[in-house]
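Me: I would like to go through a structure with you. Could you begin with the terms I need?

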Amino acid sequence: MPRFSVVVPVYKVQDYLAECLDSVLGQDGPDLELIAVDDRSPDACGTMLDEAAAADPRVRVLHLPENVGLGRARNAGLDVAGGDYVIFLDSDDTLTPGLLEAIDERLAATGDPDVLVYDYARTYVDGRITRAASAHVFGAASPDVFDLAARPDLLDLLQVVWNKAYRRDFITEQQLVFPAGYYEDTPWTYPALLAASRITLLDRIGVHYRQRQEGGNILATASRKHFDVFAQYDLVFAFLDRRPDLDHWRPVVYGRMLHHLNTVVSKPGRVPPGDRREYFRRAAAHCTRLRPAGYRPPAGVDGVRTELLSHGRYGAYQAVRAVAKARRLVKR
């Protein structure tokens, strides 16, 4: 049984795939298996994966009969994973050298916790590498092993699946699976962190997160598929419905949800302009249904924006944005 199963879903990334695979197979230290899931990629990715498997017995390739999307491709890889811990890596990103050895040492020192969280850096086409703004979270004083109550600031991190190592038995115990659609990490990461009784941190950049300029990033692609964010948070709150012992987290998760909904609609190039009013109507209905009694909006302009969004006040929201933009211009 390998120590690590690294699951890599693959779709239309032939220009980056070799670098991704090399970053995994070049790791020192513990045994690993690389499970590459060809999500019916129309380019040369399938052939490249078969060649990698022929050259290295640690590589296992799954060719899916049809394109199922990122979340379900990860599920396919997870179904055959045999490692003690599972790591997810997107196929245009890379692991940093020595990461798995460092993770293994940290896991051994902390008694194999449920989840280990590490940091990441953004990489750009001009060669720049910039550590995420979350570095202070990893540098803060912390117990070696803790639950989320001891470090609730972990929910302030970008809620992605690929900056963590998960104990495979914990995944099975919690019945964690990825849904279809955009923002598929959301219904995985929140339940994982909320349910984990033993979490540890590794203050290290573990992933280089590629910032692609061409249309490879769904977050920079205008589409009605960004409305999927509502269904994904329904799954998060359905998880809380099943766990009354975690009910005190509802106001916190609701606040993080509002922040996320605001990010989706405020970032250019996501919700098409003609669909923005509908997005606000959906947000109002969604928030009315899920708003917990103990929620208090944050102070300042962010609290104003999220409250306007949660009540569907599109015109007022746009006015506040315009005022904030004018103030920034005056300061400049």
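Reply: Helices (H or I, at least four residues) and strands (E, at least two) are DSSP runs, numbered from the N terminus. This is a predicted model, in which local features need pLDDT of at least 70 and side-chain atom pairs count only at pLDDT 80 or more, while totals for chains, interfaces and linings use all residues. Residues are numbered from 1 along each chain as its sequence is written, and side-chain values use heavy atoms, with hydrogens and water left out.

Me: Where is Arg 40 located?
Reply: Arg 40 belongs to the loop between strand 2 (32-38) and helix 2 (45-55). Its phi is near 50 degrees, a positive value in a residue other than glycine.

Me: Is Arg 40 buried or exposed?
Reply: Arg 40 counts as exposed because its relative accessibility is 52%. Buried means under 20% relative accessible area, exposed over 50%, and partly exposed in between (1.4 Å probe, protein chains only).

Me: And which loop holds Asp 112?
Reply: Asp 112 sits in the loop between helix 4 (99-109) and strand 6 (115-123). Phi of Asp 112 is also positive, near 50 degrees. With a relative accessible area of 31%, Asp 112 is partly exposed.

Me: New topic: how many disulfides does the structure hold?
Reply: The structure holds zero disulfides, a disulfide being a pair of cysteine sulfur atoms within 2.5 Å.

Me: Which residues have the most contacts inside the largest nonpolar core?
Reply: They are Phe 88, Ile 103, Trp 188 and Tyr 279, in a core of 103 residues. A nonpolar core is a set of buried Ala, Val, Leu, Ile, Met, Phe, Trp, Tyr and Cys residues joined through side-chain atoms within 4.5 Å.

Me: What is Phe 88 in contact with?
Reply: Leaving aside neighbours within four places in sequence, the contacts (heavy atoms within 4.5 Å) of Phe 88 include Val 7, Arg 74, Trp 162 and Trp 188.

Me: Last one: which residues of helix 11 meet helix 12?
Reply: Val 301, Val 304, Arg 305, Leu 308 and Leu 309 do, and among their partners in helix 12 are Tyr 317 and Arg 321.
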